[in-house]
Amino acid sequence: MNQIKENDCMTSSIISMQEHGEDAGPHHPVCRALKAQHASISAMHMRDLFAADPARFERFSLQVGDVLLDYSKNRITEETMGLLVRLAEEADVAGWRERMFGGEKINNTEGRAVLHVALRNRGNQPLIVDGEDVMPKVNAVIAKMGAFAERVRSGAWRGYSGERITDVVNIGIGGSDLGPQMAVQALAPYRHPQLKAHFISNIDGAHVKEVLESLNPETTLFIVASKTFTTQETMTNANHARTWFLAQAQDERHIAGHFVAVSTNREAVTAFGIDPANMFEFWDWVGGRYSLWSAIGLSIMLAVGAERFIELLDGAHAMDAHFRDAPLDRNMPVILALLGVWYNNFFGAQSHAILPYDHALRSLPAYLQQADMESNGKSVDRDGKAVDYDTGPIIWGASGINGQHAFYQLLHQGTRLVPADFIVSVEPHDDLQAHHDILLANFLAQTEALMRGRTLDETQAQTSQFVQHKVFDGNHPSNAILLQTLTPHALGMLVALYEHKIFVQGVIWNLNSYDQWGVELGKQLARRILPELHADATVASHDASTNALINHYRRMSRRTPA
């Protein structure tokens, strides 16, 4: 396994110490101590740690508002956590945290501040970017969104034929799709009963066709979510929706009553036919994967209403306040981040599972895939130097009970260490208590089984057949996150918890977590290949494989003679 080496252990910590004029080097004590701690912990079983310490849960759990984190089922001791907190201190997590909250341009490759926290700054403290307090504009956009959402939800906003809007279609991709879709699903009990939400993201024509074929143009409202209003996938789908709409509406003047935009490109929005009064703005200090709190969340506000949307922001703000003010050793995002670094860099764990035991959170793993892997999936550090240590893990998962019947076999008896977060609500929204009891029993049983395992003696006491096949090593780490109820406030806290976890890990790994240059090359090549699919001549400008695939596609699609 690719564990951190003695001479490069937490290179980012070393860099940070050097920048602040402190003695540092390739054998910094915390690195040596953490490596020694790993060697010691590797010989321990969590089952024995629990047996030796009846107060282990109280020692390794933390509650913030309605969110409880139990991290006692991890391969840690108090000494481990103390060393990991030292790592956070040496990486200057507290300093970078203040730079972010203070509006400094910590996205150094794009020269941008990182202020998604301003979008839910419910205390309304001034946040200065380039000498200007951004809060008046933030509040103005939220108010504009609220007024618009109320008109649609109340039926005051009517389609071109006089019918009220019954369906809202969000057209976006990446952060303009994953976050809003996840939140709308998660907050299903709060949705308007006469307003259905739909999401179109995939450039595969089957997606847009599947959504549109069930809709009525007279009662459908489209949100086109693209900061530049030039995103290829989004604008291709938006233009198809426009053509579909006009096939019945006929008059282009009706577009203004059925299309709105979340963008900053007023000229392109107007050219599309959208009334610029119905363009909702956001700013370059709002990263796409951190944008559901902004006007990108318009579909959320339409679904649940302005009051519930504000509760979502309030929840995120509560976690922001905790993250900013709590000491590192009692700080929920910091603890989750440090545990992730512990397994990623010292145990060689290459992935991390997100396992929500809540159908409403079924899209959370996909949402966190983008949030985490696009942020910290980097092999070059903040200073442009290639890293020689592991950075962001592979994030994956599915809703819990379904996962138990799919991939949990590997978690329990596979050869890979996969740390996991289990998430559940104590109180369900429905009245199917028997269902929820089974759900919660499985949630608890899985974390216990991963931790305890089953020894050879215990297995032999139950069966004499295929004994080795039925032994479970256990000692697999997990975190349990319990919400009182999945409310907008609780969802806001949960999402902000993961946002800040990702930030802290980026600081420790000395990464810029807020750019995503890795997605650009594929886009550039796609723009080059697109016209070649229709070219008259045989394509020979790429590598042999790509040339052959393009030409084979053209033959198979009958775009060239056989």
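A: In this predicted model, the cover over the buried residues of helix H6 includes helix H5 (78-90), H7, helix H14 (306-325) and H21. Helices (H or I, at least four residues) and strands (E, at least two) are DSSP runs, numbered from the N terminus. Residues are numbered from 1 along each chain as its sequence is written. Because the model is predicted, local features need pLDDT of at least 70 and side-chain atom pairs count only at pLDDT 80 or more, while totals for chains, interfaces and linings use all residues; side-chain values use heavy atoms, with hydrogens and water left out.

Q: Which residues of helix H6 are buried?

A: Buried means under 20% relative accessible area, exposed over 50%, and partly exposed in between (1.4 Å probe, protein chains only). In H6, residues 93-101, the buried residues are Val93, Gly95, Trp96, Arg97, Met100 and Phe101. An α-helix has 3.6 residues a turn, so residues three or four places apart point the same way. Just after H6, Gly103 takes a positive phi of about 85 degrees.

Q: What is His116 in contact with, leaving aside its neighbours within four places in sequence?

A: Contact means heavy atoms within 4.5 Å. With those neighbours left aside, His116 is in contact with Met100, Trp285, Tyr290, Trp293, Glu499 and Tyr514. His116 itself is placed in helix H7, residues 116-119, and counts as buried because its relative accessibility is 1%.

Q: How is a nonpolar core to be read, and which residues touch the most other members of the largest one?

A: In soluble globular proteins, nonpolar side chains tend to be buried together. A nonpolar core is a set of buried Ala, Val, Leu, Ile, Met, Phe, Trp, Tyr and Cys residues joined through side-chain atoms within 4.5 Å. Here the largest core has 123 residues, and Trp285, Leu302, Ile481 and Leu491 touch the most other members. Helix H21, residues 488-508, gives the most to this core, with 13 residues. There is also a second, separate core of 23 residues, which includes Ile200, Phe229, Ala249 and Met279.

Q: What does Trp285 touch, not counting residues up to four places away in sequence?

A: On that count, the residues touched by Trp285 are Ala113, Val114, Leu115, His116, Ala118, Leu119, Val129, Val134 and Val138.

Q: Is Ala371 buried or exposed?

A: Ala371 counts as buried, because its relative accessibility is 2%. This residue is found in helix H16, residues 364-376. Not counting residues up to four places away in sequence, Ala371 touches Arg289, Tyr290 and Ile502.

Q: What can be said of Gly392 and Gly155, and where do they lie?

A: Gly392 lies in the loop between H16 and strand E11 (394-397) and is partly exposed, with a relative accessible area of 28%. Not counting residues up to four places away in sequence, Gly392 touches Asn376 and Trp509. Gly155 is found in the loop between helix H8 (135-154) and strand E5 (167-171), and at 4% relative accessibility Gly155 counts as buried. Gly155 and Gln194 are 39 residues apart in sequence and 9.8 Å apart in space, C-alpha to C-alpha.

Q: Where does Gln250 lie, and what is its phi?

A: Gln250 is in the loop between helix H11 (232-249) and strand E8 (259-262). Its phi is positive, about 70 degrees, although Gln250 is not a glycine. Gln250 is exposed, with a relative accessible area of 61%.

Q: How many helices and strands does the protein chain have?

A: The chain comes to 23 helices and 13 strands. The radius of gyration is taken over C-alpha atoms, and the globule rule is 2.2 Å times the number of residues to the power 0.38. For this chain the radius of gyration is 26 Å, close to the 24 Å that the rule gives for 562 residues, so the chain is as compact as a globular protein of that length. Of the 562 residues, 54% count as buried.
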